[in-house]
Amino acid sequence: MIQLYHVYKAYGGDQYALHDVTLTADKGDFLFITGPSGAGKTTLLKLIFCAEPATRGQLLVDGVNLQRLKRSGIPYLRRKIGVVFQDFKLLGERTVFANVGLTLEVTGRPRAYIEKKVRQVLRLVGLDAKENHLCCRLSGGEQQRVAIARAVAANPIIVLADEPTGNLDDEITLEILELFREINRRGTTVVLATHNRELIRKVPGAKVGMLRQGRLVAAGVAKQVMAQRSALEMSSQGVL
Amino acid sequence: MRLGLLVYFLRKALGNIRTNPFLSMVTLSTIAISMLILGLFSLIYLNVQQSLHQMGGELQITAYLQETVSSEQAKVLRSKVADWPEVEGITYISKEQALARFRSQLREYAGILEGLKENPLPASLELTLMAQYGRSGNIKELSTRLGRLPGVAEVQYGRKWMAKLRVFVEVMKLVGITVGGLLLIATIFVISNTIKLTFYSRREELEIMRLVGATDFFIKAPFLIEGLLHGLGGALLAAGGLSLLTLFLFSHLDLPLRLAMMAGSLPTGQLVAGFLGLGLLLGVLGSMVSLRRFLRP
Ligand SMILES: Nc1ncnc2c1ncn2[C@@H]1O[C@H](COP(=O)(O)OP(=O)(O)O)[C@@H](O)[C@H]1O
Ligand SMILES: [Mg+2]
């Protein structure tokens with residue numbers, strides 16, 4: 001579903017935000033991208049939905065070679081990918097309904113379909129009672145749900161989420177994680193960038209790609225990767 | 001394109017206009033004023049042009065006769081000139097006929113003739129030329145030939161005056177094209193600037209639309225329609241304004257009779273259609289200019 005081969009990304013200058021990253025997510029996978037702040041998690045997600053071009057390497061998303069994708073093809077790729085942005089990117093002065101419906105509007109869906117579908121995804125995220133509220137009046141957790149509802153409204157085959165639990169308290173973090181697991185259970189590939197290791201421990205069967213200064217330092221099944229890293233960190237602390 | 005989609009774009013365009021109605025008003029008036037000025041120029045130009053054309057078709061030459069020429073001599077002269085190949089028709093106007101015509105044509109000045117004992121108007125021969133001899137070279141040559149005939153005092157033709165008018169019309173045209181061109185460019189700039197401003201006030205939404213898979217066309221279409229609506233609206237205003245203005249001008253101003261008469265036969269419908277077409281074009285151009293500049297990633 002998502003394949004990266006020796007991908008490099010430099011934003012200009014000789015510093016690489018991503019350095020020789022090779023990583024795969026198959027259909028139905030739940031993939032965590034983790035690593036400290038500045039490791040390149042956001043950059044990786046941006047490459048996948050064509051918000052940034054890779055400097056070098058190959059990227060395949062649903063069989064499409066992004067290096068060869070023309071500008072005119074980008075919108076159609078993006079319709080297959082739902083993105084939950086770190087800063088939500090919601091229109092604060094618009095209603096919950098309008099924000100979620102926008103994804104469907106841009107594909108030219110008829111009004112009746114949009115209404116039905118928006119209510120359906122708002123039910124999924126538990127916001128069906130607030131469809132007429134303005135987004136700027138919602139709590140952080142609620143805004144996060146609106147962002148998730150918008151990301152899944154167009155039935156994407158991939159959902160990308162950038163630090164979706166960044167500013168939320170523990171209880172709501174778990175609820176949000178549970179939402180992504182539900183989306184994943186319905187067959188959608190989920191890629192979730194987070195620096196929160198607790199989150200990863202909650203999904204032991206997930207895949208993990210660990211970045212550090214743009215390099216992939218560990219990859220595999222969550223349970224094993226986390227155990228390895230713990231051992232490594234303990235031994236390095238022992239040395240010190 | 002699906003009708004539903006068109007309605008959607010139209011609604012978005014109207015929404016854009018509604019978010020900044022003042023800006024729309026300014027745009028509309030700028031377009032209207034530019035087109036009004038352009039329209040006035042073309043109206044006057046067309047008028048004068050048409051009058052010239054009609055006068056050109058008459059091709060009249062008048063040969064005034066000396067006082068000493070008797071009416072018999074004049075008639076001999078008339079039949080002689082009538083045989084020239086350039087001459088289509090020729091009429092003898094006696095002193096009395098000239099006076100009568102003067103009285104009936106210029107009623108308000110008739111009084112100045114009352115005090116005179118003698119009729120000061122000369123007798124004349126009025127020639128109409130065949131259309132193919134209407135070039136000014138022919139006319140000049142012919143009038144010299146006429147002037148050399150015994151008994152002819154003076155030859156007059158409308159050419160000098162018409163040549164001046166023609167130069168005036170050409171200058172008008174040049175000024176009109178220059179001013180009109182500048183105004184049209186300004187109009188395109190105003191439309192594109194309006195769109196730029198709406199674009200900026202909506203950039204957050206447009207950015208999000210792009211991120212969730214909107215095509216360039218989908219994002220552009222409402223702005224194109226907005227420009228189009230402004231162009232059309234401005235054109236309608238200008239057409240209305242021009243109609244009112246011409247009505248006013250021709251009923252209140254003492255324009256030369258001929259010009260006033262021409263106005264009735266002007267292709268007003270075509271002018272309005274032209275305005276609308278131009279408005280559409282300006283709108284599309286204006287929005288395309290801004291979209292090309294501001295829709296780059
Ligand atoms: N638009 C940008 N321009 C220049 N440098 C950037 C840009 N975005 C990110 N970077 C740099 O790339 C590196 C990785 O950033 P990012 O992908 O945001 O990391 P993370 O999401 O893991 O915190 C950082 O060093 C950051 O400063
Ligand atoms: Mg980040």
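The legends below describe close-up views of a predicted model.

**View 1. The four-stranded sheet of chain A.**
Strands of a sheet pair through backbone hydrogen bonds, and the pairing is either parallel or antiparallel. In this view, four strands of chain A form an open sheet in the order β2-β1-β4-β5, with antiparallel pairing. Strands β2 (16-25) and β5 (64-65) of chain A stand at the edges, each with a single partner strand, so one side of each has no neighbour in the sheet. Five bridges link β1(A) and β4(A) in the antiparallel sense, and Leu4(A) is placed opposite Leu59(A) in β4(A).

**View 2. The hairpin of β4(A) and β5(A).**
Strand β4 (residues 56-61) of chain A pairs with β5(A) in the antiparallel sense over two bridges. Leu60(A) stands opposite Asn65(A) in β5(A). The hairpin has two residues between the strands, and Asp62(A) takes a positive phi near 50° there.

**View 3. The six-stranded sheet of chain A.**
A six-stranded open sheet has the order β6-β7-β8-β3-β9-β10 (chain A), and its pairing is mixed. Its edge strands are β6 (81-84) and β10 (215-221) of chain A, each of which pairs on one side only. From one strand to the next, the twist averages 15°. Strand β3 (residues 30-34) of chain A and strand β8 (residues 189-194) of chain A run parallel and are joined by five bridges.

**View 4. The hairpin of β9(A) and β10(A).**
Strands β9(A) and β10(A) run antiparallel, and six bridges join them. Gly209(A) has Ala219(A) as its bridge partner in β10(A). Two residues lie between the strands of this hairpin, in which Gln213(A) takes a positive phi near 50°.

**View 5. Helix α1(A) and the strands that it lies across.**
Helix α1 (residues 41-48) of chain A lies across β1 (2-10), β2 and β4 of chain A, and runs at about 60° to β2(A). Helix α1(A) also lies across β3, β6, β7 (158-162), β8 and β9 (207-212) of chain A, where its direction is at about 150° to β7(A).

**View 6. The packing of helices α5(A) and α6(A).**
Two packed helices are described by the angle between their axes and the distance between the axes. For helix α5 (residues 140-152) and helix α6 (residues 170-185) of chain A, the axes come within 11 Å and cross at roughly 10°. Angles under 35 degrees count as roughly parallel, and α5(A) and α6(A) are therefore roughly parallel to each other. On α5(A), the contact is made by Gly141(A), Gln144(A), Arg145(A), Ile148(A) and Val152(A). On α6(A), the contributing residues are Ile172(A), Glu175(A), Ile176(A), Leu179(A), Phe180(A) and Ile183(A). By class, this contact has seven nonpolar, two polar and two charged residues. Helix α5(A) also lies across β6 and β7 of chain A, running at about 170° to β6(A).

**View 7. The surroundings of ligand 1.**
Ligand 1 is surrounded by residues of chain A, among them Tyr11(A), Ala17(A), Pro36(A), Ser37(A), Gly38(A), Lys41(A) and Thr42(A). A polar backbone atom of Ala39(A) is 3.2 Å from an oxygen atom of the ligand. A backbone N or O atom of Gly40(A) lies 3.0 Å from an oxygen atom of ligand 1. For Thr43(A), an N or O atom in the side chain is 2.5 Å from an oxygen atom of ligand 1.

Technical notes: Residues are numbered from 1 along each chain as its sequence is written. Chains are lettered from A and ligands numbered from 1 in the order in which they are written. This is a predicted model: local features need pLDDT of at least 70, side-chain atom pairs count only at pLDDT 80 or more; totals for chains, interfaces and linings use all residues. Side-chain values use heavy atoms; hydrogens and water are left out. Axes are lines fitted to C-alpha atoms, for helices over the stretch in contact, and angles run from 0 to 180 degrees between N-to-C directions. Angles under 35 degrees count as roughly parallel, over 145 as roughly antiparallel, 65 to 115 as roughly perpendicular and the rest as oblique. Contact means heavy atoms within 4.5 Å. Ala, Val, Leu, Ile, Met, Phe, Trp, Tyr, Cys and Pro count as nonpolar, Asp, Glu, Lys and Arg as charged, and the others, Gly among them, as polar. Two strands pair if DSSP finds at least two bridges between them. A residue is near a molecule or strand if one of its heavy atoms lies within 4 Å of it. A polar contact is a pair of N or O atoms within 3.5 Å; within protein, one must be able to donate a hydrogen and the other to accept it, and residues adjacent in sequence count only if both atoms are side-chain atoms.
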